[in-house]
Amino acid sequence: MTPPRRVKLHEIAHCRAGDKGDTAILSLIAYRAEDFPVLRDGVTTDAVKRHMAGIIKGEIRRYELPKLQALQFVGEHALGGGVTVSLALDAHGKSLSYALLEMEIEVQAPPRPSP
Amino acid sequence: MRIGSGAGFAGDRLDAAVVLAERGGLDYLAMECLGERTVALAQLRRLRDPDTGYDPLLERRMRALLPLLKRNKFRLVTNMGGANPLAAAGRVAAIARDLGLALSVAAVTGDDVLDRIDHRQKAMEDAEPLDSHGPLVAANAYLGADAILPALESGAEVIVTGRAADPSLFLAPMVHELDWKLDDWDRLARGTVAGHLLECAGQLTGGYFADPGRKDVPDMASLGFPFADISADGTARFGKVAGTGGRIDRMTATEQLLYEVTDPCAYVTPDVVADFTTTGLDETGPDAVTTSGARGRRRPDALKVSVGYRAGFLGEGEIGYAGSHAVERAELAGEIMRERLANLFGRLRIDVIGMTALHGGTLDGSARPYEARLRVAARAADAAAAALVGEEVEALYTNGPAGGGGVRRSVTEQIGIVSCLIPRGQVQVKTTVLEA
């Protein structure tokens, strides 16, 4: 068995960010169906909370969407109070998809190219 | 029936909509142009001039699209009415006359409920009274497909609304053409899935998706906008015009299906509560995906109201540094700004673009960039006070660290948004048909 390897989520998944008020919504989607269990087991709510600690200040809800090989993260208090009071350059948090994709998780399989 | 998506936001590309109108074989074209803040900003324009308050690009869009609409016999549904659907419809009719086209235009009004809601009621977001946030300028209920149906039944070729739920702009023509019942929750859910996938236009066809070497998208400069063929049972097959750029596949469609969805089990619109976890999503050809089988539940009893208030002014200033110690010089400039501005503003945001501006830090611990750009931002009650931010940044030219260049400064009026609910019975939708 090959030893586990740490990879950025960027290697095995893609992501789009959306917003509603002060809530950030991050859709994490496995490139390959067989990687969905890796995401499901490795990208826990707690792990995302730790990784995004400086960004998402409130609760994080996670939804599993196995048919879509995706996880949906909904993070409260993530956008500096929302567009109205935020002083941030990216008040909508559009770029947060790539903050999540910087997170590293352990995978068993050797590296392989995405499609 | 085939419905296309001709805009995903107020400033979207027009040429892609023209391609769809020319060669898309459309029955309907829907254009979503009204962001959360757009209607309140439009209301401010209307207060200054009662004949305005609709989409600033309406004129340009209609001049390009109306001749194609007549030639190819499709109908157009759009929320470009903004804060003044009647004036927008009047303008569309005038443009049609100017182009020598006979046209029936309908305005759907009734979303403006500023005079019908209690301004002291609590906002859904923070349970504080609505008017404690700031002077209220607009309150618009999200209308559903049912509000647009009378306009469709009138035979109008162009239908202009104000605030309507984005997917409802797409669902209404489906209900009308396919004779769906307004309590057929499963069909309404499937139509809502289709509307949600279409409402951001290019975001389904490879826009907002590309990541070179990982997620490549062909010919993005000519990105094609999407259309969908809707079957009687709500199954929707999505495609784009042959020869246009972009791509539609499981990956692009999954990103868009989940986009801005706070609860995938309960996507709430005025029409239905749709369960997106129950939808099938399959690749059914090159640049073609099909959704099917979503389930829905009864629509909510009340309509959501988006309430806009004046939230002061945002002042911003930026200055760039490059080469050795670029980040150090930007950081020094930031320290100077903090010392000079901290007493004037309650909150100050100071970032080095390239290091901290988007995620608060570099999450990958990467090396420093060649260029760095200082950004300073603060809010103020009035424009003159907000302008101080940019003025101070500009003064870094002669008083700040070495080699600063490319100052940009801005002052932007801010509209805040809070929400409340309104019983359906208190919203009176009206359809006004104009003939050109």
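This is a predicted model: local features need pLDDT of at least 70, side-chain atom pairs count only at pLDDT 80 or more; totals for chains, interfaces and linings use all residues.
Helices (H or I, at least four residues) and strands (E, at least two) are DSSP runs, numbered from the N terminus.

Residues are numbered from 1 along each chain as its sequence is written, chains are lettered from A and ligands numbered from 1 in the order in which they are written, and side-chain values use heavy atoms, with hydrogens and water left out.

**Around D351(B)**

D351(B) sits in strand β15 (residues 348-353) of chain B. Burial here is judged by relative accessible area: buried means under 20%, exposed over 50%, and partly exposed in between (1.4 Å probe, protein chains only). At 6% relative accessibility, D351(B) is therefore buried. Its side chain makes a polar contact of 2.9 Å with the side chain of T356(B). A polar contact is a pair of N or O atoms within 3.5 Å; within protein, one must be able to donate a hydrogen and the other to accept it, and residues adjacent in sequence count only if both atoms are side-chain atoms. A further polar contact, of 2.6 Å, joins the side chains of D351(B) and R349(B). R349(B) is partly exposed, with a relative accessible area of 25%. Contact in general means heavy atoms within 4.5 Å. Leaving aside neighbours within four places in sequence, D351(B) is in contact with T356(B), A357(B), R373(B), L374(B) and R375(B).

**Salt bridges**

Side chains of opposite charge can pair when their charged atoms come close. A salt bridge is counted when a side-chain nitrogen of Lys or Arg lies within 4 Å of a carboxyl oxygen of Asp or Glu. Over all chains, the structure holds 31 salt bridges. Here are some of them.

| Pair | N to O distance |
|---|---|
| R16(A) and E255(B) | 2.9 Å |
| R295(B) and D186(B) | 3.1 Å |
| R349(B) and D351(B) | 2.6 Å |

R295(B) has 48% relative accessibility, so it counts as partly exposed.

**Where the chains meet**

The contact takes 43 residues from chain A and 47 residues from chain B. The area buried between the two chains is about 3,800 Å², of which carbon and sulfur atoms give 54%. Buried area is the accessible area (1.4 Å probe) that two parts lose on being put together, summed over both. On the chain A side, R16(A), T84(A) and L87(A) supply 23% of the area that chain A buries against chain B, more than any other three residues.

Which residues form the salt bridge between the chains? E255(B) pairs with R16(A), and the count between chain A and chain B is one salt bridge. R16(A) lies in strand β2 of chain A, while E255(B) is in helix α8 (residues 250-258) of chain B. Both ends are buried, R16(A) at 1% relative accessibility and E255(B) at 0%. β2(A) gives the most to the side of chain A that touches chain B, with seven residues.

L96(A) is found in the loop between β5 and α4 of chain A. With a relative accessible area of 3%, L96(A) is buried. Its C-alpha atom is separated by 6.1 Å from that of A17(A), 79 residues apart along the chain. Beyond its neighbours within four places in sequence, L96(A) is in contact with residues including A17(A), L26(A), L358(B) and H359(B).

**Helix α3 of chain B**

Helix α3 (residues 58-72) of chain B has 15 residues, so at 1.5 Å a residue it should span 21 Å; its end C-alpha atoms are 20 Å apart, which agrees. The expected span is 1.5 Å times one less than the number of residues. α3(B) bends by about 35° at L65(B), and a proline, P67(B), follows within four residues. The bend at a residue is the angle between axes fitted to the seven residues ending there and the seven starting there. L65(B) is also among the buried residues of α3(B), which include L58(B), R61(B) and M62(B). The buried residues pack against elements of chain B including β1 (2-7), α1 (15-23) and α4 (85-98). Just after α3(B), K73(B) takes a positive phi of about 55°.
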